[in-house]
Amino acid sequence: MRHPIRVLVPALAALAAAGTLTGCLGTTPMPDDVPRAAKSPSAPATEAAAGSVGAPGSACELPVSFGLAAYWKPQAVKATDDEVFAALGKQGPATMVCEIDAKPAGNIGYLRVWTAGTGPARAALEGFVKAEENTSKVSYKETEAGGLPVVEVTYTVYDKLMEESKEESAFAVAAPKGTVIVHLGGLDSEEHREMRPAYDLARSTLKSR
């Protein structure tokens, strides 16, 4: 079990920056009436999607679409010229355009979607990871997701505040309407693994638009 102080400190730091991104670092409260089983998204990635995001009319219109795990809530992120957004909403060649909030499902983290213009998925993903500080154990692989060629990366990031390394995962796809990076972080490696089924579901249901 994670110590409550370890959970609280990074969460407060994230909430302090909430006003700098429209629809980012959300404030969606966790409903008390969600069953505990639903709050711990441990179902396999092959489960049926509870919704989708990316198509016109969805919460975030993207160059791709993919399925959402139960209780995960997507919200569009709009870039501003604010210096804090430049730090939080841009990473290497990519700009954050959508956040899918895991709090209603029982976790603090997010599945974040970034766009990086047009170009090779591998180059965009490598630039994205290189822009992250304190990375290690970086491993790329080329695979398929939803019948599309995809580049995936797993790596660790050393969190100075927590004084420990945590797992990160991301995949990139070069769609006709632009290259997309879908990234899953988390408060720590334990939470990352708890949220991983939602990431795997997004990858397995990926469709180009």
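Tutor: What follows is a set of questions on the terms used for this predicted model.

Student: What does the protein chain contain in the way of helices and strands?

Tutor: The protein chain has 5 helices and 11 strands. Of its 209 residues, 46% are buried.

Student: Why is His183 called buried?

Tutor: The relative accessible area of His183 is 10%. Buried means under 20%, so His183 is buried. His183 is part of strand E10, which covers residues 178–184.

Student: How do you know that the side chain of His183 makes a polar contact with the side chain of Glu168?

Tutor: The two side chains are 2.6 Å apart at this contact. A polar contact needs N or O atoms within 3.5 Å, one able to donate a hydrogen and the other to accept it. The pair of His183 and Glu168 is therefore listed as a polar contact.

Student: What makes the pair of His183 and Tyr155 a polar contact?

Tutor: The side chains of His183 and Tyr155 have a polar contact at 3.4 Å.

Student: Which residues of the largest nonpolar core touch the most other members?

Tutor: This core has 29 residues, and those touching the most other members are Phe66, Trp72, Ile100, Leu111, Val113 and Leu206. Elements that give two or more residues to this core include strand E2 (64–68), strand E5 (94–101), E10 and helix H5 (189–204). H5 gives the most, with 5 residues.

Student: What does Ile100 touch, not counting residues up to four places away in sequence?

Tutor: Ile100 touches Phe66, Trp72, Leu111 and Val113, among others. Val53, Leu68 and Pro74 are also among them.

Student: Which residues does the second core include?

Tutor: The second core is separate and has 17 residues, including Met96, Ala124, Val129 and Val151.

Student: Which residues of helix H4 are buried?

Tutor: In H4, residues 121–130, the buried ones are Ala121, Ala124, Leu125, Phe128 and Val129.

Student: Why are the buried residues of H4 said to line one face of the helix?

Tutor: Seen down the axis of H4, the buried residues fall within an arc of 130 degrees, so they line one face.

Methods: Residues numbered from 1 in each chain as written. Predicted model: local features only at pLDDT ≥ 70, side-chain atom pairs only at ≥ 80, totals over all residues. Heavy atoms only, no water. Helix = DSSP H or I, 4+ residues; strand = E, 2+ residues; numbered from the N terminus. Buried < 20%, exposed > 50% of the residue type's maximum accessible area, 1.4 Å probe, protein only. Core = buried A, V, L, I, M, F, W, Y, C linked by side-chain atoms within 4.5 Å. Contact = heavy atoms within 4.5 Å. Arc of directions from axis to C-beta.
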